[in-house]
Structure formats: C-alpha cells, structure tokens
Amino acid sequence: MTGTLLTPYEGPHLALPNRIVMAPMTRGRADDATGVPHPLTATYYAQRATAGLIVTEGLWPHVLGKGGPGIPGLVTDAQVAGWREVTAAVHAAGGTIYAQLWHVGRMTHPLNLPDRATPVAPSAVRIENEQIFTSAGDVEHVTPRPMTTAEAEEAVACFAAAARNAIRAGFDGVEVHGANGYLIQQFLAENTNRRTDRFGGSREGRLRFALDVVEAVAAEVGPERVGLRISPDNPENEIAEEDPQGTYRALVDALDPLGLAYLHVIERGAYEALADLRPRWSGTLIGNFNGPEPTTRQAGERVVAEGLADLFSFGRLFISNPDLPARFAADAPLNRHVPELVYGGGGEGYVDYPALTTAHSATPAQTAQTAERV
C-alpha cells in the first residue's frame, strides 16, 4: 500500500525518502556514571534507519539537565565519541539522524545529579502530585532552586555547545526539546515561571529563554540544522499554560523568520495546535499526537493529507517495529512493545524486535506478544 506517509519529502532543508519520523524516546540505557551511550545504541538506531528522519532520545546539554538513571549526555569527548559510532551506523544504513537536546529543569532529583545537587528551574515551584524515578526508585519531588539570570544565560550557552558537539559527533542536525514540561516549557508557562528578570514577568519575558536557546543553537550550527519541539497546552509534569494560543503564536511568529529545519508540534489538550500554527509556519512542520495509545498510521496519514503537517512522528510503534515504514507499506501486523523493557536494561526489548524479514526468528518474549493491525 502506498500512502501519503510513504511518499518522499523535499523541504527547504530536508530531503527524505518518506514522511515517517521516529520520535525521540527515552530508553535509559546509557552508562549512568559517564553518560556514554550503550554499546548497542548504534545497532538500535541503525535498525530504524528506514525512517525518513530519526530524532534521538533526549541528551543532556548540562549535567544538571539529566532527568534520570541511564540518560546519555552530549557534553564530554567520550560522549561525542560514543554518538559518533551511532551516527556512522545510521548513515551507513542510509538514514538521517538528529540529536535531541534535553534539559529537564525541575523534572529530576538530587539522586540523579552529581553531588546530590538540587534541581534548577525558572522558579521555586515544586511538583506536588507526581513522583520522579531515581536509582532508588520512585520518590517525591524536591523544591527546585531558581536559576539566577547568569545561570539561565549559561544554560543557553550549554545548549549551543551541545549542538556543536552533535555536529562533531556526525549528527545531521539537532532538535531543541521545548516540550513536555521540561526546562524550556517551564520558562514558557505561567505557573512555573514567576520571575521578574528579563526571563519572566510578561509573555515577552517568558518567551525569552526559548528564543535565546534556539537563536544560540542556530548561530552555532546553522538554522538549517535546527528543529524545535513544542507541546502547547500540555498539562504533563504539572504545567499550566493560561493562554497557549497567545504564547505559541508569539513563539512561532518570532522563530519563523530564522529558517529552521523544522517545527515539531505535539498536540495534546484542548488547543488545536496543528491547525492554528500551521498557517504561521513557513518551513517544515512535523506533527505528533501524545495520547494514551500509540498513534495509528491512519491518524498520521490524515494529518499529512489535510496539510496540517509535512511529516508525522511515531514513538512507541518504533520501539517494537524497527522497520515501521515497510510494515506500513505492506499493511503488515505490528508487534506490541513490552512496557517492562522500555527503560534500562540491555538488548532485550531494545534490539531484538524482529523485522518482517526476520520475524520467523523472534525471541520467545516477542513470539508471545500480540500483533495488531493499524
């Protein structure tokens, strides 16, 4: 079957064999002490190189941005060397891969940070009704330490430095993570940004950190190599945005003239972000739905066919289906992933999901999974 998602895409800065994007997904398999990717990470991404575009799991650009055990970084020479093996494997398989730069802000815990440091955030607003995963299991959040103006400016510089490291590591570009209640969205949202310096106090102030980060990264590696991921009106991680339409229209209007590689929009909540922001964005737009169940092929096809996005990203389906585009093309059954094997561990539930051509050699755990047709 040939569908809209399976057609090539030729955009201002991206030329891709199909419109299927592998969304960034935390897998928690890096060496926790060094932040160097797991030895099987190159295999994992190379298996999925038939995606039009791969966006990696989030990589911390600053050690205080590390969200949990086994999260990789992009700061040290050893980390760069580890990711260079990954990009080489993906490119050898014909793929395109961007590194996601991810600072979690308050969404971490002293147990996850060096010397049990206190997490940093725009303001001292604690997450009250959720727990955070650590090496000691799930624990209550702590009250974050408000970043000084100088620390916020340092964080901007760290994003730019990590982007430079990404290019050194052979990545085709970078995606700035401005979604899901992490540091950049903490600066955007009214309930988590109570600052009175230039990074707060008004809509213009709340936009400043996001704009500074994207502009600094674009200046470092070129805007044509930079994407931004946002999730307007997303209540995840206790974010509350009073006027998402006003905030994100202003953000998109400010960034559109830069000529970025793409804008990656997660739609979750009452605000119909794709329909509202598409007319304001002149470059490539990637759509994504963040719901309780994996998004179906048909839903992604519909978004692209209606012109709400040029590309569509799938997350959980790529965990258990390394050859997802081929399965879509053949209308083949999809493997379900094993939730218990998503985070941490080794090769099981990571690189052992079978492709269509190797389905006969599935492991016992995979054979027991239920296939579903989408």
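Me: Which residues touch the most other members of the largest nonpolar core?
Reply: This is a predicted model, and its largest nonpolar core holds 80 residues. Helix α5 gives the most to this core, with 9 residues. The core members that touch the most others are Y45, F209, V217, L251 and F314.

Me: What does F209 touch, not counting residues up to four places away in sequence?
Reply: F209 belongs to the largest nonpolar core. Contact here means heavy atoms within 4.5 Å. With residues up to four places away in sequence left out, F209 touches A152, A155, V156, F159, L183, I184, F187 and F199.

Me: What length does helix α6 reach from its first C-alpha to its last?
Reply: Helix α6 runs over residues 244–255, which is 12 residues. At 1.5 Å a residue, the expected span is 16 Å. The helix is close to that expectation, reaching 16 Å.

Me: Which elements are included in what covers the buried residues of α6?
Reply: The buried residues of α6 are P244, G246, T247, Y248, L251, V252 and L255. Of these, L251 is also named among the core residues that touch the most other members. The cover over the buried residues of α6 includes α4, α5, β11, β12 and α7.

Me: Is Q186 buried or exposed?
Reply: Q186 is found in helix α4. Leaving aside neighbours within four places in sequence, Q186 is in contact with residues including V104, M107, P122, N193 and I239. The relative accessible area of Q186 is 0%, and the limit for burial is under 20%, so Q186 is buried.

Me: Why does P24 count as buried?
Reply: P24 lies in the loop between β3 and α1. Its contacts beyond four places in sequence are V55, T56, E57, Q100, E175, R229 and H264. A residue counts as buried under 20% relative accessible area. P24 is buried because its relative accessibility is 13%.

Me: What separates the C-alpha atoms of P24 and A179?
Reply: P24 is in a loop. Along the chain, P24 and A179 are 155 residues apart.

Me: Which residues lining the largest pocket are the closest to its centre?
Reply: The largest pocket has a volume of about 1300 Å³. Its lining has 46 residues, and β4, β7, β13, β14 and α9 each give two or more of them. By class, the lining has 20 nonpolar, 19 polar and 7 charged residues. The closest to the centre are M25, T26, Y182, E236 and Y343.

Me: Which residues lie nearest the centre of the second largest pocket?
Reply: The second largest pocket has a volume of about 200 Å³. Its 16 lining residues divide into 7 nonpolar, 7 polar and 2 charged. Nearest its centre lie D32, A33, K66, N112 and P114.

Me: Which residues line the largest cavity?
Reply: The count comes to 1 cavity of 30 Å³ or more, and the largest cavity has a volume of about 40 Å³. Its lining divides into 5 nonpolar, 2 polar and 2 charged residues. The lining residues are R29, A30, P37, H38, T41, E57, P72, W83 and Y350.

Key
Residues are numbered from 1 along each chain as its sequence is written. This is a predicted model: local features need pLDDT of at least 70, side-chain atom pairs count only at pLDDT 80 or more; totals for chains, interfaces and linings use all residues. Side-chain values use heavy atoms; hydrogens and water are left out. Helices (H or I, at least four residues) and strands (E, at least two) are DSSP runs, numbered from the N terminus. The expected span of a helix is 1.5 Å times one less than its number of residues. Buried means under 20% relative accessible area, exposed over 50%, partly exposed in between (1.4 Å probe, protein chains only). On a 1 Å grid over the protein atoms alone, a cavity is a set of points where a 1.4 Å probe fits but cannot get out, and a pocket is an open set with protein on both sides within 12 Å along at least five of seven lines; lining residues have an atom within 4 Å of a point. Grid points are joined across faces, edges and corners, and a volume is the space filled by probe spheres set on the points. Ala, Val, Leu, Ile, Met, Phe, Trp, Tyr, Cys and Pro count as nonpolar, Asp, Glu, Lys and Arg as charged, and the others, Gly among them, as polar. A nonpolar core is a set of buried Ala, Val, Leu, Ile, Met, Phe, Trp, Tyr and Cys residues joined through side-chain atoms within 4.5 Å.
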